[in-house]
Amino acid sequence: MTTIDFLRPGLTRLDCPMPRFASVNAYVIGSPGHQLLIDTGMPGLATEAVWKDAENQGLVSGVTDLVCTHMHRDHTGQAPRLLALHQAKLRMSPAEHSHITWASSAEESRRQSATQRFLHMAGVNPEHAQKSRPIDYSMLAPFPPDYAPLADGDHLAAGGINWEVIIGGGHSSAGVCLLSEDETLFASGDQILSGAGPHVSVWSETPDADPLGDYFAYLDRLAFIPETTLVLPGHGKPFANLSAQVTKIAAAHHRRLDAIMASANKAMTVQSLSEFAFSARAAQRFGDLLPGMVMSLANYLWHREKLIRTVTDDGVALFEKA
Ligand SMILES: [Zn+2]
């Protein structure tokens, strides 16, 4: 069921459906004729129906700007339709735009072999790995090539609000967040979510990356944002008291890092480390994302020389306390 959540005049949240993880938010900001959309929901007819419903109610009209906070398809899925319908300007970070352009156009077999190589590196058993498929972006090809790049520190006037652009890594390579000039609104994409926060994962294309290091650096930059600022997250209901949520998210990552340090007394694969970092229930919930999430913890410790990483001749990564 769709929820259209009227947060305040000129600020509406569309709670769009998702097959997993409940739902995803899109925001409509500003008065008709000068509207800013932040994110779009999944590709497909179910989410298109949500937009049509909002359009029929006159809630979406005269869109000038669409910001896609990051490339994940639950945020970009309706971008082609919305851009064509409203003749709006697409705004993204260059890294996210080039990533979705690649992911939507790369051959399925090439992406599949990268996934298999990555799962093998993580020590996932071959039978299980073979069932895993890369996330499909092909329905978004060709992704709209024209866009206005957003850079960290940029100022953007859209939806009747002056925004500061804050770009951070962690959940994706260069996720865009928008802070209103009066500091009453912070659109965080998936970089900040309520509950346990976003997943932070190493992706198959960049197995040596340190996204958790990027994420901690990003969290440190948010300390100045007031308690009263309303956070508009990519999933779930808006909330205030950002600093408490940042503390909670960081503490959960540190607990998992400690658990890995306590267990890596001998050379271990990512797969064997995962049971120390996540409960069986969490592991079940994250499914195919789990190896990348555990590798983000192991790589963080490896980049800081707390773990040693060796890669066997046949490409399996082993981590052991330094
Ligand atoms: Zn995401």
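Which residues in H8 meet which residues in H9? Arg256, Ala259, Ile260 and Ser263 are the residues on the H8 side, and they meet Leu273, Phe276 and Ala277 in H9. The model is predicted.

**Helices H8 and H9**

- Helix H9 spans residues 270-277, and its axis and that of H8 come within 8 Å, crossing at roughly 120 degrees. This angle makes H8 oblique to H9.
- The crossing in which H8 passes H9 is right-handed.

**Helices H7 and H8**

- Helix H8 covers residues 242-263, and H7 packs with it at an angle of about 155 degrees, the two axes lying 11 Å apart. H7 and H8 are therefore roughly antiparallel to each other, since angles over 145 degrees count as roughly antiparallel.
- H7 makes a left-handed crossing as it passes H8.
- From H7, the contact draws on Leu212, Phe216 and Leu219, while H8 supplies Val246, Ile249, Ala250 and His253.
- Six nonpolar residues and one polar residue make up the contact of H7 with H8, with no charged residue.

**Helices H7 and H11**

- Helix H7 (residues 211-220) and helix H11 (residues 290-303) have axes that come within 7 Å and cross at roughly 80 degrees. H7 is thus roughly perpendicular to H11.
- The residues of the contact of H7 with H11 are four nonpolar and three polar, with no charged residue.

- Strand E3 runs over residues 23-29 and is mostly covered, with six of its seven residues buried.
- Strand E2 (residues 11-17) and E3 run antiparallel and are joined by seven bridges. Leu11 has Ile29 of E3 as its bridge partner.
- Strand E4 (residues 35-38) pairs with E3 over three bridges, again in the antiparallel sense. The bridge partner of Val28 in E4 is Leu37.
- E3 and E4 form a hairpin with five residues between the strands, and in this hairpin Gly30 takes a positive phi near 100 degrees.

**The five-stranded sheet**

- Five strands form an open sheet in the order E8-E9-E10-E11-E12, and their pairing is mixed.
- At the edges stand strand E8 (155-158) and strand E12 (230-233), each of which pairs on one side only.
- From one strand to the next, the twist averages 30 degrees.
- Strand E9 (residues 161-168) and E8 pair in the antiparallel sense over four bridges. Within this pairing, Ala158 has Ile161 of E9 as its bridge partner.

How values were computed: Residues numbered from 1 in each chain as written. Predicted model: local features only at pLDDT ≥ 70, side-chain atom pairs only at ≥ 80, totals over all residues. Axes fitted to C-alpha atoms, helices over the stretch in contact; angles between N-to-C directions. Helix = DSSP H or I, 4+ residues; strand = E, 2+ residues; numbered from the N terminus. Parallel < 35°, antiparallel > 145°, perpendicular 65-115°, else oblique. Nonpolar A, V, L, I, M, F, W, Y, C, P; charged D, E, K, R; others polar. Pairing = 2+ DSSP bridges. Buried ≥ 20, exposed ≤ 12 C-beta atoms within 10 Å, placed from the backbone. Left-handed = near helix turned anticlockwise from the far one by under 90°. Contact = placed C-beta atoms within 7 Å.
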